[in-house]
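Colleague: I am new to this structure and would be grateful for a guided discussion. May we go through it question by question?

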Amino acid sequence: GSAPAGYSVGSGGVPSYPQPQNVKDRILGIVRECLRQGVTDIGQIAYVLATVKGECGSGGYGGGLPGGYSPVKEVGASGARYAPWVGRGLIQVTWKYNYEKVKAASGRDVIANPDLLITDFGLSCWAIVWGMKGGIYTGKKLSDYISGGSRDFTGARRIVNGTDKASLFAGYANQWVRDLPPYIQAASGSAPVSVPASAPKPTPT
C-alpha cells in the first residue's frame, strides 16, 4: 500500500505522519506498522487492533476521532499519582518510566512533549506495535500468547493491563481475525502473512 499523506521516517526508524481523518485509513496505518515491524501473524495483528479498539473507544473520548482507532488522552487523570504521565496514544502509555522507554527507543522527545503520542499518528502506531511485540510495558509480549493456530486472546490482555476487561478485548480480537484479510492485502499487497488453515473467512459486506 502507498504511504499516507505527510509520511516520513525519522532517524530512529520511526514513522511520523498526521492522523488520517478516515477510520479505515487509521486501521490501515496500524496494520501497515505491524507488517513493517515484522508482526505478520494474523492473530497478533488482530490483538493489536483489539487493544486499540478497547483502549481508545469509539470516538468522543479523550479527543479521539469518530469511529475510534484514534489516539486519545486519559480522561480525569490530572490528579493521578502518575500525572502528568497519563495514558496517551493508541495503547495509553502511562507512567514516566514508560515515556522514557518510548523516547529512548524512538528518538522522539515524548518527555518534553508527551502529546506527540496523540498528535503524531505514525509514532503512536509504532509505540503500540513495538511495545506489544517486545513486551516493553509489562514484560509480556504478543508471542507469549498468540502464535499461528494457538491464540490465547484472553490471557493476552496481560501484555498491556493484567486481566482488565480481558474477555471483552478477546471478543474484539476474534472479530478482527474475521475482518482483517482485506486490510492486510491493502496494506501490503504481497507481504507474507501467516493465516492458519483454521482461520475463519471474512464475511462479505
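Modeller: Accessible areas here come from the Shrake-Rupley method with a 1.4 Å probe, and for residues only the protein chains shown count as cover. This is a predicted model, in which local features need pLDDT of at least 70 and side-chain atom pairs count only at pLDDT 80 or more, while totals for chains, interfaces and linings use all residues. Residues are numbered from 1 along each chain as its sequence is written, and side-chain values use heavy atoms, with hydrogens and water left out.

Colleague: What share of the accessible surface of the chain belongs to carbon and sulfur atoms?

Modeller: The accessible surface of the chain amounts to about 9,100 Å². Of this area, the part belonging to carbon and sulfur atoms is 51%.

Colleague: How many helices and strands does the chain have?

Modeller: Helices (H or I, at least four residues) and strands (E, at least two) are DSSP runs, numbered from the N terminus. Read from that end, the elements follow the order β-β-α-α-β-β-α-α-α-α-β-β-α-α. The totals are 8 helices and 6 strands.

Colleague: How many residues of helix 1 are buried?

Modeller: Buried means under 20% relative accessible area, exposed over 50%, and partly exposed in between (1.4 Å probe, protein chains only). In helix 1, the buried residues include Ile27, Leu28, Ile30 and Val31. They pack against strand 2 (15-16), helix 2, helix 5 (121-134), helix 7 (166-179) and helix 8 (181-188). Helix 1 is mostly covered, and of its 14 residues the number buried is 10.

Colleague: How far apart are the end C-alpha atoms of helix 1?

Modeller: The expected span of a helix is 1.5 Å times one less than its number of residues. Helix 1 (residues 23-36) has 14 residues and should therefore span 20 Å. The model agrees, since its end C-alpha atoms are apart by 20 Å.

Colleague: Which residue caps the N-terminal end of helix 1?

Modeller: A polar contact is a pair of N or O atoms within 3.5 Å; within protein, one must be able to donate a hydrogen and the other to accept it, and residues adjacent in sequence count only if both atoms are side-chain atoms. At this end of helix 1, a side-chain oxygen lies 2.7 Å from the backbone nitrogen of lysine 24. The residue providing that oxygen is asparagine 22.

Colleague: How many residues has the largest nonpolar core?

Modeller: A nonpolar core is a set of buried Ala, Val, Leu, Ile, Met, Phe, Trp, Tyr and Cys residues joined through side-chain atoms within 4.5 Å. Those with the most contacts inside the largest core include Ile30, Val31, Tyr47 and Met132. Among the elements that give two or more residues to this core are helix 1, helix 2 and helix 5. The number of residues in the largest core is 55.

Colleague: Is threonine 51 buried or exposed?

Modeller: Threonine 51 belongs to helix 2 (residues 42-56), and its side chain reaches the backbone oxygen of tyrosine 47 at 2.9 Å. Leaving aside residues up to four places away in sequence, threonine 51 touches Ile128, Met132, Val160 and Phe169. Because its relative accessibility is 0%, threonine 51 counts as buried.

Colleague: Which peptide bond is cis?

Modeller: Most residues other than glycine have a negative phi, and most peptide bonds are trans. Proline 84 lies in the loop between strand 3 (72-73) and strand 4 (88-89). With omega near 5 degrees, the cis bond is the one from alanine 83 to proline 84.

Colleague: Is lysine 165 buried or exposed?

Modeller: Lysine 165 sits in the loop between strand 6 (150-151) and helix 7. Its phi is near 55 degrees, a positive value in a residue other than glycine. Because its relative accessibility is 51%, lysine 165 counts as exposed.

Key. Contact means heavy atoms within 4.5 Å.
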